[in-house]
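Try each task before reading its solution.

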Amino acid sequence: MASLSQTSKEASTSLKKGEYQPPTANDLRSPCPIVNAFANHGLIPRDGRNVRAEELDTAMKELGLSLTIRKTLVWGAFFERYDNRPSGLKEFICSPLAYLHWHFGIRNIDQKDSEKTACLDLDQLSRHGAIEHDVSMTRRDFAQGGDNHSKQEDLVDQLLQSSTDGSYITTSDFARLRRKRLEQQKKDNPELCFPSVLHWVTAGQIAAIQRVFGHADKECRIPVSYAEALFRDERLPVREGWQKSQGWLAGAVGVVIQLVRVRIGIGRA
């Protein structure tokens with residue numbers, strides 16, 4: 001009998017790149033619905049293993065994200081994980097950034113695929129306190145049982161129901177949802193870790209999603225149907241009419257402008 005891994009790979013090879021298929025039980029996934037959508041569409045390895053920087057960059061390009069944003073995100077994702085701050089001249093020469101970012105890496109030290117190319121596995125994005133953080137819109141906190149990567153249907157429902165008019169999720173809707181989630185987690189997670197910088201980080205995440213999937217208006221409205229595809233199915237909403245973002249909207253300037261709008265909407269939380 002074929003192993004689960006073999007079965008998963010055989011099923012994946014029969015699909016065209018871009019074609020959607022939910023993950024199998026043996027596939028690895030991350031806490032990020034968008035990254036998971038990349039794997040579900042075959043834009044990066046469908047099994048979530050041995051993902052190269054080039055593959056992740058190419059997948060983000062399919063969203064219309066600018067070169068600056070893509071390279072910054074990939075650069076951050078490929079830091080190596082150290083349990084303790086490195087010490088010694090040799091270690092500094094080999095990895096000077098490790099002295100500053102040792103705790104924020106997600107890859108294992110010197111992690112490479114069979115062709116000796118640097119890679120990561122999607123489940124490594126779940127390493128708490130690196131890229132992953134408390135108060136996700138669709139995941140529980142790590143302190144709530146250790147599962148910070150599985151989609152929670154009740155939180156997805158809450159996100160979709162945040163729409164004021166039932167058709168679109170606006171900047172104001174997202175800001176209100178962020179405030180609500182923070183208040184929820186203050187009650188539910190006594191070990192909550194959410195420093196002020198994370199208000200800006202999460203505002204930036206919302207801004208990027210709005211610029212990629214939202215309308216080109218001040219509110220960057222995202223159709224609820226798009227949000228359901230993204231957050232429930234972890235699927236790019238092509239069936240619902242979404243097209244790749246064009247121009248400056250998904251560039252660094254456009255995202256920063258929207259980030260400020262979202263952060264103002266969240267207010268003093």
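**Exercise 1.** With which residue does Arg235 form a salt bridge?

*Solution.* This is a predicted model, in which local features need pLDDT of at least 70 and side-chain atom pairs count only at pLDDT 80 or more, while totals for chains, interfaces and linings use all residues. Residues are numbered from 1 along each chain as its sequence is written, and side-chain values use heavy atoms, with hydrogens and water left out.

Step 1: look for a salt bridge (a side-chain nitrogen of Lys or Arg within 4 Å of a carboxyl oxygen of Asp or Glu). Arg235 forms one with Asp233, and the closest N and O atoms are 3.2 Å apart.

Step 2: check burial (buried is under 20% relative accessible area, exposed over 50%, partly exposed in between; 1.4 Å probe, protein chains only). Arg235 is buried at 5%, whereas Asp233 is partly exposed at 30%.

**Exercise 2.** Find the salt-bridge partner of Arg139 and decide whether each residue is buried or exposed.

*Solution.* Step 1: the partner is Glu234, with 2.7 Å between the closest N and O atoms.

Step 3: Arg139 is buried at 2% relative accessible area, and Glu234 is buried at 8%.

**Exercise 3.** Which residues are linked with Asp157 in a network of salt bridges?

*Solution.* Step 1: start from the salt bridge between Asp157 and Arg232, 2.7 Å from N to O.

Step 1: widen the view to the network, which links Lys151, Glu153, Asp157, Glu228 and Arg232.

Step 2: compare accessibility: Asp157 is partly exposed at 29%, and Arg232 counts as buried at 18%.
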